[in-house]
Structures are given as C-alpha cells and as structure tokens.
Amino acid sequence: MFENDAIQKYLSAHNETCITPKAALIDMDGVLYDSMKNHVEAWYRTLSPLGIPCTREEFYLYEGRTGSSTIRLLFDKHFGKQLSDEECARIYKIKEKHFIELDEIRPMPGADRMLQHLVENGIRPVLVTGSGQGSLLRRLDHDYPGIFQPQYRVTAYDVKHGKPHPEPYLMGLTKAGVAPHEAIVIENAPLGVEAGTAAQIFTIAVNTGPIPAQTLLDAGADIVFPSMPYFADHITELIETLKNTR
C-alpha cells in the first residue's frame with residue numbers, strides 16, 4: 001500500500017526502526033470541528049475595518065497560528081507596527097465576538113469515528129491547537145465526551161510559540177509522556193503540518209478544506225487523506241501498517 005513507502009521514508013529520515021503509536025496529537029479547527037469558514041469570516045470582519053488589506057482566502061494559510069501571532073504578523077506586514085500584548089488581546093476579543101455571532105459550528109463529520117478507532121487501538125488522544133477560542137474549547141467535553149482529558153490539552157494559552165513552531169507538538173509529547181516515534185500528528189493545515197514534522201513526529205494531513213493536497217505534502221505531511229470520513233474508515237488499517245512496518 002502507499003502508506004508503506006511513506007512510513008519507510010519517515011523511518012529512514014529519523015533513524016528509527018519502527019513507529020509504535022501510543023498517542024495521537026490532534027488539531028482542533030478543521031479536524032474536530034468544521035469551523036474554519038467561521039474563523040476566516042471572523043478574522044476578515046475584525047481586521048478589514050482596521051485598514052488591513054486582506055482576503056478571506058488568505059486566512060486559511062494562517063490556520064494554526066495563535067491569535068496574537070496572526071494579528072502581529074499582519075500589523076507588522078502592512079503597517080510595520082509592533083503591537084503590545086494588550087492591543088493584541090483587545091483585537092482578539094473582537095474576533096471572538098464575531099466568531100460567536102456566526103452560524104453554529106458543527107463537529108467535523110467522521111471525527112467521532114476517528115477518535116473511537118484511536119481509543120479502541122489503545123492510542124491516547126491529545127488536543128494540540130493554536131486556538132484560544134473559548135466557545136469551541138468548552139464544547140469538547142459535550143461533543144467528544146471523555147476523550148480529551150484536561151491534562152492532555154495544549155492550547156494557545158500554553159505555549160510561547162504557536163505553529164509552525166514545533167513547541168505545541170513537543171508539549172503534546174511531554175503531556176502524553178511519549179517519544180516522537182510513539183506518536184502521530186493529525187492535522188489539516190500547512191502550518192500545523194510544518195509544526196508536526198519539525199517535532200519529528202509522523203504527520204498525517206486530512207484535507208478538510210480548500211487547500212490543495214500538494215500544499216500539505218509540500219509542508220511535509222507524510223500522508224494526506226482526502227476527507228475525515230475516509231480517514232476514519234482507514235485509520236485502523238493505517239495503525240496496523242505503522243506497527244508492522246520495520
């Protein structure tokens with residue numbers, strides 16, 4: 001199968017003999033929730049009135065960054081201005097308000113089955129998100145009951161450097177108590193993929209948005225799946241392939 005070549009390439013690049021997944025480090029937006037279109041619209045409604053010439057489409061490429069990182073990036077890019085923490089927090093609160101006002105976010109179709117298969121295979125789910133969107137974080141226990149225990153969550157408030165820096169995924173490894181070859185990353189965004197590969201973890205991209213699959217491969221994804229339902233249908237097979245490839 002196509003996975004074997006990808007796994008062998010990872011093993012060779014990292015001088016490992018096997019991948020024995022004990023934890024899955026999982027992004028939230030675009031993976032657990034079909035939320036990116038709302039984030040994109042909220043960012044656009046927040047930053048356009050501030051004079052930043054942006055398009056809705058470009059915010060898909062910033063996915064994975066912390067809110068403050070996105071704000072600082074665009075203010076520096078367009079105005080050459082360095083914002084304080086207080087200014088970033090004020091702007092991010094406006095973004096949160098716009099996000100809440102938009103249509104209700106739904107769990108990503110197939111994500112519940114994906115998580116169920118992980119647990120059935122003895123793999124601990126660990127949340128690793130660049131988001132600080134409280135309205136979604138508070139929904140995790142309701143939408144995915146018993147899956148993401150508080151001690152196994154990494155959010156924007158836990159790190160100094162957001163994705164594409166490896167810190168979020170390195171912290172996820174620490175919280176799970178596993179080595180890189182004992183984990184997998186499940187992502188949907190190029191910056192998140194870059195963070196996972198920089199942490200030297202086998203990184204799976206699930207293409208749930210408008211980004212071309214090649215963009216995810218170029219970012220370093222070891223494997224790209226075309227949708228979450230398709231990934232959920234094949235995840236047990238992939239786990240067995242990972243464990244049995246030497």
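A: A residue is called buried under 20% relative accessible area, exposed over 50% and partly exposed in between, with a 1.4 Å probe and protein chains only. Helices (H or I, at least four residues) and strands (E, at least two) are DSSP runs, numbered from the N terminus. This is a predicted model, in which local features need pLDDT of at least 70 and side-chain atom pairs count only at pLDDT 80 or more, while totals for chains, interfaces and linings use all residues. Residues are numbered from 1 along each chain as its sequence is written, and side-chain values use heavy atoms, with hydrogens and water left out.

Q: Okay, which residues point which way from strand 5?
A: Phe-202, Ile-204 and Val-206 point one way, Thr-203 and Ala-205 point the other way, and all of them are buried. In a regular strand the side chains alternate between the two faces of the sheet.

Q: And why is strand 5 called largely enclosed?
A: Strand 5 covers residues 202-206, and because five of its five residues are buried, it is largely enclosed by the rest of the structure.

Q: Which strands pair with it, then?
A: Two strands pair if DSSP finds at least two bridges between them. Strand 4 (residues 183-187) pairs with strand 5 in the parallel sense over four bridges, and strand 6 (residues 223-225) is joined to strand 5 by three bridges, also running parallel. Ala-205 is the bridge partner of Glu-187, and Ala-205 also stands opposite Val-224 in strand 6.

Q: How does the chain get from strand 5 to strand 6?
A: The chain crosses through helix 10 (residues 213-218), and this β-α-β crossover is right-handed, which means that, with the strands pointing away from the viewer, the path from the first strand over the helix to the second runs clockwise. Strand 4, helix 9 (residues 190-198) and strand 5 likewise make a right-handed β-α-β unit.

Q: What about Tyr-230, where is that?
A: Tyr-230 is found in helix 11 (residues 228-244), and it counts as partly exposed because its relative accessibility is 34%. Tyr-230 and Val-206 are 24 residues apart in sequence and 9.0 Å apart in space, C-alpha to C-alpha.

Q: Changing topic, how many disulfides are there?
A: There are zero disulfides, where a disulfide is a pair of cysteine sulfur atoms within 2.5 Å. Cys-88 is in no disulfide, as the nearest cysteine sulfur, that of Cys-54, is 16 Å away.

Q: Is Cys-88 buried or exposed?
A: Cys-88 counts as buried at 3% relative accessibility, and Cys-18 is buried too, with a relative accessible area of 14%.

Q: Last one: how much space lies in the largest pocket?
A: About 320 Å³ lies in the largest pocket. On a 1 Å grid over the protein atoms alone, a pocket is an open set of points where a 1.4 Å probe fits, with protein on both sides within 12 Å along at least five of seven lines, and lining residues have an atom within 4 Å of a point. The volume is the space filled by probe spheres set on the grid points, which are joined across faces, edges and corners.

Q: What lines it?
A: The lining has 18 residues, of which Thr-66, Gly-67, Ser-68, Ala-156 and Tyr-157 lie nearest the centre of the pocket. Helix 4 gives the largest share, six residues.
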